[in-house]
Amino acid sequence: MNFELDDNQKMIAQMVRDFAEKEIRPNMKKWDDEEYFPVDAMKKMGELGLLGIYIPEAYGGSGFGYHEYATALMELGRVCGGVGLSVAAHNSLCTGHIYYHGSEEQKQKYLPKLASGEFIGAWGLTEPNTGSDAMRMKTTAVKEGDHWVINGTKNWITHGLSGDVSVVLVRTGDLLDSNGITAFIIEKGIPGFSAVKIKEKFGVRASETAELIFENVRVHESQVIGQVGQGFKQAMQILDGGRISIAALSCGVARGAYESALKYAQEREQFGHPIAKFQAISFKLADMATEVEAAELLTYQAADLKNKKMPMTKQGAFAKYFASEVAVKCGNEAMQIMGGYGYTKEYPAEKFLRDARLMTIGEGTSEIQKVVISREILK
Ligand code: COS
């Protein structure tokens, strides 16, 4: 076991840190206030190779593994959870689904554009009435000749509006049939397909979220990913990997909150001393530092299994559950340490806390992670 970052991880960490400090930090408050999704920043990250991190070079990706991917998301989360979420969703969900389950033709057609940032990717599983209970989705596709006709609505979809290409999970069989859901690739602009931006989110406000509407959308059968009926199982596998990305992002948010609280506590004086000298504050910092490290180790453990193509459902859920709860705790404690200042938008704690709250909800709530973990340990 090696607990040091390797050379690739060090290089990625430095590159992403430089990019985040130069391009994201100066703008993040404005993007957050205005709920602005920075497509330009996404395109620049595409040029840096951050939108196809684990996609092989043969498909235009960077050809790295999940360690490098996790490292990049930790660095982004340390500055802005919203931008980090967009990079995570683009890589793990849309691009990952086509990479792991698409045909050679689909990979050739879409992966180079997704990896370079020419295309922004979206992924649609959730619906207005089916979140955790994804299996009961109501959006349907009915076969007509060599096309499928899709009707229904998807909700909480990252890049639903700006996405050039979306992977959507749709019912093609009976309700509750685990072999009755199919994944389709939908291109922007196809007739009958529209999207509406969801506004007034609590956090990750620089990441675009939308509702997708399908009204008699005719999709050619060549847009089916893998076999008809295998979409639910594909989606579960994609979420297993996706949970590494939310865990990594959570580690970044947690570390950002911890570092800002540490700095504040060393500068802010009360009773004649920096408040870091008081045990009430230094013990909070000790807890935060310990839990951030633990979350990072769990995340790298899940990433390691994924790199080795070994089962990682349980470890992905461990990492996502633990790291996202740590992020919320660190955001909350950072606010407590900063007191009244932390409660304002002039200081970073409130944004870390708001961004962290999504991490315990998106890509499977903490409660769903506990369902996954308990099923695995009781098998
Ligand atoms: N990898 C591969 N296959 C999996 C799998 C995984 N990780 N998890 C489940 N499956 C398979 C099962 O083996 C089962 O196959 P069979 O029917 O052939 O036996 C099938 O999928 C159905 O599984 P299960 O019966 O466990 O489905 P449930 O409806 O009980 O749902 C949970 C299981 C709750 C774990 C699932 O619905 C889930 O993850 N929900 C949360 C969804 C989510 O994270 N949404 C957020 C999206 S935001 S991007």
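1. What volume does the second largest pocket have? About 640 Å³. This is a predicted model. The lining comprises 25 residues, with Asn-2, Phe-3, Glu-296, Leu-297 and Tyr-300 nearest the centre of the pocket. H1 (7-24), H4 (66-79), H7 and H8 (279-307) are the elements that each give two or more residues to this lining. H8 gives the most, with eight. By class, the second largest pocket is lined by ten nonpolar, six polar and nine charged residues.

2. Now the largest pocket. It holds about 1,200 Å³ of space. Lining residues number 42, and Thr-126, Ile-361, Gly-362, Glu-363 and Gly-364 are the closest to the centre. Helices H5 (81-101), H7, H10 (349-359) and H11, with strands S1 (121-124) and S3 (147-158), each give two or more residues to the lining.

3. The ligand takes up the space of the largest pocket. Its shell has 20 residues; Ser-132, Ser-178, Lys-233, Asp-240 and Arg-375 are the closest. Helices H7 (231-267) and H11 (366-377) are the elements that give two or more residues to the shell. H7 supplies the largest share, seven residues. Eight shell residues are nonpolar, seven polar and five charged.

4. A polar side-chain atom of Arg-243 is 2.9 Å from a ligand oxygen. A polar backbone atom of Gly-364 lies 3.1 Å from an oxygen atom of the ligand. On its own, the ligand has 1,000 Å² of accessible area, and the protein covers 67% of that.

Terms used
Residues are numbered from 1 along each chain as its sequence is written. This is a predicted model: local features need pLDDT of at least 70, side-chain atom pairs count only at pLDDT 80 or more; totals for chains, interfaces and linings use all residues. Side-chain values use heavy atoms; hydrogens and water are left out. A residue is near a molecule or strand if one of its heavy atoms lies within 4 Å of it. A polar contact is a pair of N or O atoms within 3.5 Å; within protein, one must be able to donate a hydrogen and the other to accept it, and residues adjacent in sequence count only if both atoms are side-chain atoms. Accessible areas come from the Shrake-Rupley method with a 1.4 Å probe; for residues, only the protein chains shown count as cover. On a 1 Å grid over the protein atoms alone, a cavity is a set of points where a 1.4 Å probe fits but cannot get out, and a pocket is an open set with protein on both sides within 12 Å along at least five of seven lines; lining residues have an atom within 4 Å of a point. A molecule sits in a cavity or pocket if more than half of its atoms lie within 2 Å of its grid points. Helices (H or I, at least four residues) and strands (E, at least two) are DSSP runs, numbered from the N terminus. Ala, Val, Leu, Ile, Met, Phe, Trp, Tyr, Cys and Pro count as nonpolar, Asp, Glu, Lys and Arg as charged, and the others, Gly among them, as polar. Grid points are joined across faces, edges and corners, and a volume is the space filled by probe spheres set on the points.
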